[in-house]
Amino acid sequence: MEYVLIIIAIVVFAVVTAAGLVVGTRRRGRAGTAAPGHAPDRPQPGTDYPPGVGDDAEVPRDSPRRTVDTVDLPADLDIPAPPTGAETGLYELELEKVPELEVPAPAAGRLVRLRARLARSQSSLGRGLLLLLSGDNLDEEVWEDVETTLLVADVGVTPTEELVASLRTKVKVLGARRPADVHVLLRDELLAQIGTSTDRTVQAFAQGRPANILVVGVNGTGKTTTCGKIARLLVADGRRVVLGAADTFRAAAADQLETWGSRVGAYTVRGSEGGDPASVAFEAAKRGISDGVDTVVIDTAGRLHTKTGLMDELSKIKKVVAKLGPVDEVLLVLDATTGQNAVEQARVFTQAVDITGVVLTKLDGTAKGGIVIAVQRELGVPVKLIGLGEGPDDLAPFEPEAFVDALLGDPPD
């Protein structure tokens with residue numbers, strides 16, 4: 001009997017529980033649905049209060065959706081200006097400014113403008129000779145001093161002997177003893193030794209093609225810097241230039257040359273470090289043709305004139321470039337401070353690549369201006385350019401008259 005009562009109680013509890021669940025579900029359904037035109041039994045999201053998390057998931061929504069095209073902005077809406085870089089903490093990056101190209105000094109008359117740079121050479125060569133030859137008694141001792149002065153100035157043995165012999169004769173015949181007369185006499189003799197009729201023009205222009213200039217020399221003479229200064233000279237004359245960095249043995253050479261070129265708008269062709277110099281020279285000549293420039297200037301690696309293999313490499317570079325067009329100039333860069341050793345260097349380089357002109361650098365820092373005479377007399381190669389300082393426009397076309405006038409200074413009264 002007890003078991004029957006327990007079973008009946010369990011059944012009654014189950015029935016009551018099920019009835020409660022059904023009633024609760026029906027009430028929730030009536031509370032969430034309202035008849036048309038009537039408000040719902042509870043506040044609705046989006047209508048009676050801002051919707052919260054999860055409200056959008058209820059289906060169906062009681063508030064109608066509004067599309068963008070049905071929403072109008074108020075006429076008096078105040079739209080704030082966008083924040084500045086300082087307010088947001090962000091700053092616009094300034095565009096890198098393209099550097100303005102430099103305008104090199106005109107090539108014409110540079111030597112005249114740089115006359116003061118030859119002051120050191122004046123003191124030993126020009127003024128020293130004037131002082132000796134203007135003395136009251138021109139005995140053998142004085143003539144020996146004249147000869148010594150010329151030799152110390154690196155004029156060379158043979159040119160010195162010829163110059164002294166000519167001076168002896170003219171002083172005896174003309175009787176030139178006043179300082180002004182001696183100045184004129186000495187000026188004429190120096191010009192005769194240097195030569196005034198030689199063509200010293202750098203062949204930087206060729207008809208229908210770029211002119212090719214090869215720059216050679218030993219280490220430390222300033223070849224790469226000279227190439228950059230030559231580019232400035234040519235640009236100053238209105239030429240368009242391509243530079244070839246064929247010095248592939250020195251890592252900084254190509255960078256240095258490219259920097260020089262970028263200042264005046266000259267493109268630089270370069271290769272990999274340790275690469276074939278001849279291939280770089282060839283590509284530079286090829287680029288000059290494709291760009292239609294006036295001149296291609298090719299820098300080469302410094303080499304000792306005693307190294308046969310390196311000298312042969314210069315010949316190879318010249319032959320490779322010549323496949324695209326003749327090499328119009330082979331300029332040998334010499335350090336004027338090395339004196340007679342520079343003459344020996346010039347002799348060996350001439351045998352290797354047929355030097356057409358000489359560039360004398362560091363002439364402002366030496367009292368040996370006579371090297372101009374020595375190089376030309378010994379080799380028959382004209383000095384075409386001289387370096388008179390470290391400034392970018394301190395390379396000047398060589399003008400014999402201006403050079404001698406700078407050595408001798410102003411004529412005495």
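Which residues does UniProt list for "domain: SRP54-type proteins GTP-binding"? The record, an unreviewed entry, gives residues 382–395. Good morning. Please keep in mind throughout that the structure shown here is a predicted model. In this model, the span 382–395 is 0% helix and 43% strand, and its end C-alpha atoms lie 16 Å apart.

Let me turn to the protein as a whole. It has 413 residues, of which 42% count as buried. Its secondary structure comes to 14 helices and 8 strands. Consider next the contacts between residues at least 6 apart in sequence: 76% of these join residues at least 24 apart.

I now come to helix H13, which covers residues 371–379. Which of its residues are buried? They are Ile 371, Val 372, Ile 373, Ala 374, Val 375 and Gln 376. After H13 comes Gly 380, with a positive phi near 70 degrees.

How does H13 lie against other helices? Two packed helices are described by two quantities, the angle between their axes and the distance between the axes.

Since angles from 65 to 115 degrees count as roughly perpendicular, H6 is roughly perpendicular to H13. On the H6 side, the residues that meet H13 are Thr 158, Pro 159 and Glu 162. On the H13 side, they are Ile 373, Arg 377 and Glu 378.

Helix H7 is another partner. The axes of H7 and H13 also come within 9 Å, and they cross at roughly 40 degrees. The two helices are therefore oblique to each other. H7 makes this contact through Leu 190, Gln 193 and Ile 194, while H13 contributes Val 372, Ile 373, Gln 376 and Arg 377.

Helix H7 spans residues 179–194, and Gln 193 is placed within it. Is Gln 193 buried or exposed? Its relative accessible area is 10%, so it counts as buried. Leaving out residues up to four places away in sequence, Gln 193 touches Pro 159, Glu 162, Leu 163, Ile 373 and Arg 377. Gln 193 and Ala 374 are 181 residues apart in sequence, yet their C-alpha atoms are 9.2 Å apart in space.

Let us move to the strands. Strand E5 runs over residues 327–335 and contains Glu 329. With a relative accessibility of 0%, Glu 329 counts as buried. What does Glu 329 touch, not counting residues up to four places away in sequence? Its contacts include Thr 201, Val 202 and Gln 203, and also Asn 212, Ile 213 and Leu 214. Further along the chain, Glu 329 touches Thr 356, Gly 357 and Lys 384.

In general, most residues other than glycine have a negative phi. Asp 154, however, has a positive phi, near 65 degrees. Asp 154 is found in the loop between helix H5, residues 140–152, and H6. Because its relative accessible area is 6%, Asp 154 is buried. Lys 362 has a positive phi as well, near 60 degrees, and is found in the loop between strand E6, residues 357–361, and H13. At 38% relative accessibility, Lys 362 counts as partly exposed.

A further loop residue is Arg 239, between helix H8, residues 223–236, and strand E2, residues 241–246. Arg 239 counts as partly exposed, at 30% relative accessibility. Apart from neighbours within four places in sequence, Arg 239 is in contact with Phe 205, Leu 234, Asp 294 and Thr 295. Arg 239 and Ala 266 are 27 residues apart in sequence, and their C-alpha atoms are 10.0 Å apart.

Finally, a few words on aromatic rings. How many aromatic pairs does the model have? The count comes to 1 aromatic pair. There are also arginines whose charged ends sit over rings. The charged end of Arg 263 sits over the ring of Trp 260, at 5.2 Å from its centre. The charged end of Arg 287 sits over the ring of Tyr 267, at 3.8 Å from its centre. Thank you for your attention.

Conventions:
Residues are numbered from 1 along each chain as its sequence is written. This is a predicted model: local features need pLDDT of at least 70, side-chain atom pairs count only at pLDDT 80 or more; totals for chains, interfaces and linings use all residues. Side-chain values use heavy atoms; hydrogens and water are left out. Rings of Phe, Tyr and Trp (its six-membered ring) pair if their centres lie within 6.5 Å; planes under 30 degrees apart count as stacked, over 60 as edge-to-face and the rest as tilted. A charge sits over a ring if NZ of Lys or CZ of Arg is within 6 Å of the ring centre and within 35 degrees of the ring normal. Helices (H or I, at least four residues) and strands (E, at least two) are DSSP runs, numbered from the N terminus. Buried means under 20% relative accessible area, exposed over 50%, partly exposed in between (1.4 Å probe, protein chains only). Contact means heavy atoms within 4.5 Å. UniProt positions are given in the numbering used here, feature names are shortened, and annotations may be inferred rather than shown by experiment. Axes are lines fitted to C-alpha atoms, for helices over the stretch in contact, and angles run from 0 to 180 degrees between N-to-C directions. Angles under 35 degrees count as roughly parallel, over 145 as roughly antiparallel, 65 to 115 as roughly perpendicular and the rest as oblique.
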